[in-house]
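Welcome to a short tour of one protein model. Have the sequence and the coordinates open as you read, and follow along strand by strand and helix by helix.

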Amino acid sequence: MFSAPAHAAWLRAESPNFIVYSELGDAKTREYIQKLEAFSYITDLFYNELGDISASQGAKTTFYAMQSVEDYRIIRPNIRSNGFNPYYVCDEGAQFFSVKDVDLNNDGDNGARMVPGLDLNLAYMFFSLNRTQMLQHFSYRLPPWLENGLGWYLMTAIIEDGRVVIGNPEPDIAFSYDFAFRQSDVSAKAYLSDFTDIIAEKPANIDKLTSRNFQNWLMTHYLLSDKTHRTALKAYLDRYAEGDQSPSDAFKSAGLSPGMFDQALKTYFKDGVPVLAYKLPAPDQATVTITNLPFYKDSLPLLNAALLSCPTEDYGQKLTQRIRKQAALTPGDDLSRLTLARAEILYGDPSAALPVLTERLSANPNDFEVHYWLGRVYLRQAQTANGNDRTQAYASARKELGRAYKLNQISAPALYYYAKGFEDQPDFPNDNTLDAVTLANDYANNQYKTYQIELLMRRGDRDEASRLVTESLSKSTDKDTISQLNGILSAITKPEPADAVISRIRLYKVWQDEQRNR
């Protein structure tokens, strides 16, 4: 088992929107968290203009800034040597990471197509963070092409000298752009999907899947780079959200035409890709607080992150043992106590977490984390209890998780586990429960889709279950995934008994988790 080396002192930085656990020292940590705030500022500018709700501040987004890529093996022990991912999502939610000594994204072929000032290590993290920013401004799921395109468009924000430059193509996008123009007559669509089909949300043909990111970026870039186009895009989104028109009709009624993107492709290639520059407000150092954390013999912040990254049962047990040892060395440390509470809830004795959580609740009755983890305590207890104890545990879980959701309405895990708190009810899953899981799945970018399909099978809605499996198939290129999904689809439509189909779905979920932990 990987054992953590000695570490530099850990810091906890907090700003209006973020929390960063960092080994990088005071100056680098401040610079890092200010770049996160700058990205939040620029996304707010766009989304305040396009969205339909005011930005809702839920729990702050947490990041982990590490010295060495080897530290990442604490989170994912089975990953390849020097493997690293700045964003990791599972049933416990999303995790964000940065590593000081990793520059793999900026090397090799990427470097040859890099725009000066662009840091891809930061950009790929921005791509994922953008989704969190979107959820705070839109009450509905955006058109798929735009949701994806916004990630590619905003991820290349270059933050320096008091300004943000937006619009440069990411190297893979730049390559796809050049390839698309050289290899095909745009009108023939040999490489590209028809823009009309993208707007109509038709699945891409398998041979054109690889060009979709590029086309989504192009469409989004063209519409956001001009004030008149942004106004038309807002009109389209308002019509799209109402749901009274098809996506294509909503697009047309806003005065937009798919043909504009064919012309944009030619114009960008001839004249270059336009960029926008925005001046940033001067950073207010008072909004960033830095706290020195105790010396941890074991790397406690990363042990905490590992817990929340859905480890295997065996590794979760090992993490819990390490956390117990470290927490005993720093008994007055708040992070140590809360991390230990989480470990007991997930892999140990859930009741052991209650003293810490109830103490924190007394200090702050509106603490999202406390209500959420109290709900998880009761949910774990409900799974092993019987009779009235089981009924009471489920009721307590619903109460706490419902409060947690009210405190942070963009928390996908809170909504997902709140829905699971109704599993003892005679009408489970009713419409409200299924709506909650559907919304959680939208927030988590399809992380809970297998559970959504399982609930549809419990309700006997094979048509909708089939549609969701077919939707997943249309976006899959991995042959093993396609084989598994085809087996589930066949079982739904054959039809096999519901219990047999649900067993297949659960086995697929186990297989998915195993692939993720490799």
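## Ground rules

Helices (H or I, at least four residues) and strands (E, at least two) are taken as DSSP runs and numbered from the N terminus. Two strands count as paired if DSSP finds at least two bridges between them.

This is a predicted model, in which local features need pLDDT of at least 70 and side-chain atom pairs count only at pLDDT 80 or more, while totals for chains, interfaces and linings use all residues. Residues are numbered from 1 along each chain as its sequence is written, and side-chain values use heavy atoms, with hydrogens and water left out.

## The β4-β5 hairpin

Let us begin with a hairpin: β4 and β5 have 2 residues between them. Strand β4 (residues 87-90) and strand β5 (residues 93-99) pair in the antiparallel sense over 4 bridges, and valine 89 has alanine 94 in β5 as its bridge partner.

Buried here means under 20% relative accessible area, with exposed over 50% and partly exposed in between (1.4 Å probe, protein chains only).

Which way do the side chains of β2 point? Phe18, Val20 and Ser22 go one way and Ile19 and Tyr21 the other, yet all are buried. Strand β2 (residues 18-22) is thus mostly covered, with 5 of its 5 residues buried.

Two strands pair with β2, as follows. Strand β1 (residues 11-14) runs antiparallel to β2 and is joined to β2 by 4 bridges; alanine 13 is partnered with valine 20, and a hairpin with 3 residues between the strands is formed by β1 and β2. Strand β3 (residues 61-66), by contrast, pairs with β2 in the parallel sense over 5 bridges, and phenylalanine 18 has threonine 61 as its bridge partner there.

## A three-stranded open sheet

Another sheet is open and has 3 strands, in the order β6-β7-β8 with antiparallel pairing. Its edge strands, each pairing on one side only, are β6 (158-160) and β8 (276-279). Neighbouring strands are turned by 20° against each other on average, direction ignored; axes are lines fitted to C-alpha atoms, for helices over the stretch in contact, and angles run from 0 to 180 degrees between N-to-C directions.

Between β6 and strand β7 (residues 163-166) there are 3 bridges in the antiparallel sense, and isoleucine 159 stands opposite valine 164 in β7.

Helix α14 (residues 334-347) has 14 residues, which at 1.5 Å a residue should span 20 Å, and its end C-alpha atoms are 20 Å apart, in agreement. The expected span is 1.5 Å times one less than the number of residues.

Why is α14 described as largely enclosed by the rest of the structure? Because 11 of its 14 residues are buried. Among them are Leu335, Leu338, Arg342, Glu344 and Tyr347. The buried residues of α14 pack against β2, α12 (300-307), α13 (313-329), α15 (354-363) and α16 (368-382), where contact means heavy atoms within 4.5 Å.

## Where α4 meets α5

The axes of helix α4 (residues 120-135) and helix α5 (residues 144-154) come within 9 Å and cross at roughly 125°. The contact is made by residues including Phe127, Arg131 and Met134 of α4 and Asn148, Gly151 and Trp152 of α5.

The two helices, α4 and α5, are therefore oblique to each other (under 35 degrees is roughly parallel, over 145 roughly antiparallel, 65 to 115 roughly perpendicular and the rest oblique).
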